[in-house]
Amino acid sequence: MLSSIHTRPAAYVTWREPVVPSSKPAMQDSTRDAPSSAVAEDLLDFSFIEGIPDAVTVQDAHGRIVWANEQSKRVLGPADEPALLDARFELFDESGRPVPDDRLPGKLALQGTPTTAAVLRVHDTEKDDDRWVTATAWPVRDADGAVRFAVSVWGDVTERRRREDDLVRRLAFQSDASDSLASSLDYATIAETVAKLAVPHLADWCIVYVVQRDGAIRRLAMEHRDPDRADLARVIEEEFTLNLSAPEGVPKVLRSRRSELVPDATPELMAADVYEPERLRELLTPLGISSWMCAPLLARDRILGAISFISTESGRRYDRADLVVAEDLARRASTAMDNARQFDERSHIARTLQKSLLPPQLPDIQGIEIAARFLPTGEGNEVGGDFYDVFETAEGDWAIIMGDVCGKGADAAALTGLSRHTIRTAAMQERDPSKVLTMLNDAIILQDTGRFCTVAYARLEPFGSRQTARIGDDRFQAGMLGQLLRAQLLPAQWVAPHARITVALGGHPLPYVVRRGGPVEVVGSPGTLIGVYPDPDITDVEVFLGQGDAIVLYTDGVSEEPDPVHGGETMLDVVLRECIDMPADRMAQRIEEAAVERQQGSSRDDIAILVVRIEP
């Protein structure tokens with residue numbers, strides 16, 4: 001009927017000569033206050049309104065209600081449209097702006113302006129309740145064109161509007177959940193985010209359970225509407241262990257991998273899935289638990305945990321619609337947690353592999369300080385990049401290596417491992433650093449990896465008073481066996497007041513020498529990248545270190561670009577002047593701090609630093 005009135009109002013509202021007396025019973029039955037005789041004499045025949053299923057009101061030219069069918073009382077209240085104008089009611093449009101009396105649909109119709117399907121929110125200030133109505137109003141004119149009446153058709157759309165608003169809130173909740181859960185790859189952070197999303201939108205109290213690597217179940221996150229309940233959450237986590245054999249509660253959800261909904265929950269039910277249920281029941285009783293639901297966390301056919309939603313102070317009673325939202329949140333959380341778990345596993349593998357590509361510890365050389373810093377970057381599951389090493393050669397000297405492999409990932413890690421082992425093997429056969437790097441170049445080209453690296457190789461020859469007798473070279477076999485025998489039979493027992501270092505560079509940044517008391521200078525000769533050309537141009541350069549002198553090797557994560565703030569000097573030029581006479585460990589730390597600071601607080605490239613200093 002409402003659609004018919006919208007499209008053909010003239011079929012129902014037509015002008016005819018007044019025929020309705022002032023005492024007409026229908027008028028008295030359909031309105032609270034009977035109109036005056038003068039008004040009644042001018043009435044049209046609106047008796048057909050009683051048969052219309054929609055709420056209909058009629059206003060005279062003065063804005064007074066002169067007719068209203070029975071349905072209007074159910075939609076607008078017992079006072080008909082005047083109820084809308086009563087002081088206890090406030091009217092708002094869809095955007096939330098107040099609607100003044102003269103802009104109501106009936107009043108606009110009396111001014112000659114029809115209104116079609118205007119949506120109004122009616123707020124009852126006494127009941128603190130809202131109703132939503134639609135209003136369509138037309139003017140009724142006499143033969144002279146003057147507006148005599150306004151006919152308004154009202155529709156109660158409160159339930160429809162509430163469903164729409166609930167849908168919008170749920171869609172917004174799902175969108176917020178997706179954005180929030182996608183913002184982290186940390187397992188604990190995701191669990192906390194889930195709990196905070198659920199409270200208070202879905203629950204007064206939310207607990208996130210996770211299955212740990214050893215199969216144990218842990219309450220990883222808890223959130224309550226009342227922050228003062230944090231102590232209770234701590235007590236539950238520390239003192240109550242989940243009984244996985246319990247027939248109900250969270251253990252049942254974990255076993256069945258199916259959601260559970262209990263509209264009328266009790267403290268006894270909530271405490272039944274732990275050991276010492278009676279003691280937990282006593283703690284839960286004051287919370288006023290009223291309803292409970294639990295959804296499993298599943299990913300790739302693997303149970304990750306469960307989310308428990310509990311209604312307490314709000315008195316909310318969960319239904320199937322609530323469970324649908326809870327399960328949707330659980331699915332999104334499961335995906336985020338599965339991604340985090342995969343990332344954590346890959347990061348663990350990467351860290352383990354990266355650790356294997358670095359020396360487990362630096363050697364202890366009497367009279368010489370050695371310090372290193374290594375700060376990897378990337379997403380946490382990448383490996384490769386920079387490497388360093390310090391080891392004793394077959395000649396009793398020390399090899400100092402700093403390298404940087406192109407790229408990251410498995411291929412870069414493979415090239416890093418190849419480079420370290422090739423250098424160690426070559427150092428047992430060749431004395432000159434340039435020849436060692438040439439052998440490395442040949443090995444990389446032979447592998448045909450399509451990658452290259454830069455390497456700084458320095459041979460350290462300490463000069464001092466060796467306290468053990470030297471055994472002739474004929475006692476040793478060449479290669480790694482010779483190194484092993486020397487390490488076992490001829491432990492280094494000398495003090496090194498000075499040392500000679502022979503440096504060869506394969507495309508690597510030039511090392512710095514920090515003299516005792518100054519100055520700071522670069523040493524070495526730039527060479528060809530390793531693994532690019534079959535005949536690399538690599539030169540050996542000798543430098544002597546005295547007591548208190550240090551040599552610093554590094555990778556390009558420690559920026560060596562000129563710094564315009566310091567007149568074209570590099571960052572290392574400035575920082576190393578501050579490091580004069582510092583111990584090796586403090587010097588390496590200061591360089592690392594400066595490199596990270598230059599990269600605006602977080603390193604964008606791997607940082608590797610190696611400092612070798614003769615004790616003063």
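Me: What covers the buried residues of α9?

Reply: This is a predicted model, in which local features need pLDDT of at least 70 and side-chain atom pairs count only at pLDDT 80 or more, while totals for chains, interfaces and linings use all residues. Residues are numbered from 1 along each chain as its sequence is written, and side-chain values use heavy atoms, with hydrogens and water left out. Contact means heavy atoms within 4.5 Å; helices (H or I, at least four residues) and strands (E, at least two) are DSSP runs numbered from the N terminus. The cover of the buried residues of α9 includes β7 (205–211), β8 (217–224) and α12 (277–284).

Me: Which residues of helix α9 are buried, and which are exposed?

Reply: Buried means under 20% relative accessible area, exposed over 50%, and partly exposed in between (1.4 Å probe, protein chains only). In helix α9 (residues 230–239), the buried residues are L232, A233 and I236. D231 and E238 are exposed on the other side of α9.

Me: What is the strand order of the open sheet?

Reply: Two strands pair if DSSP finds at least two bridges between them. The open sheet of 5 strands has the order β8-β7-β11-β10-β9, with antiparallel pairing. Its edge strands, β8 and β9 (260–262), each pair on one side only. From one strand to the next, the twist averages 15°; axes are lines fitted to C-alpha atoms, for helices over the stretch in contact, and angles run from 0 to 180 degrees between N-to-C directions. Strand β11 (residues 302–311) runs antiparallel to β7, and 6 bridges join the two. Within this pairing, V210 has G305 in β11 as its bridge partner.

Helix α8 (residues 187–198) packs on the sheet, touching β7, β8 and β11, and its direction makes about 40° with that of β8. Helix α9 also packs on the sheet, touching β7 and β8, with its direction at about 170° to that of β8.

Me: How many salt bridges are counted?

Reply: A salt bridge is a side-chain nitrogen of Lys or Arg within 4 Å of a carboxyl oxygen of Asp or Glu. The count by this rule is 36 salt bridges. One of them joins R420 and D389 (3.1 Å, N to O). This pair links distant parts of the chain, with R420 in helix α14 (residues 410–427) and D389 in strand β13 (residues 386–392), 31 residues apart. R420 is buried at 7% relative accessible area, and D389 is buried at 1%. Another salt bridge joins D142 and R148 (3.7 Å, N to O), and both residues are buried.

Me: How many disulfides does the structure hold?

Reply: A disulfide is a pair of cysteine sulfur atoms within 2.5 Å. The structure holds 0 disulfides. The sulfur of C206 lies 9.3 Å from the closest cysteine sulfur, in C294, and is therefore too far away for a bond. C453 is in no disulfide either, the nearest cysteine sulfur, that of C406, being 9.5 Å away. C206 is buried at 0% relative accessible area, and C453 counts as buried at 0% relative accessibility.
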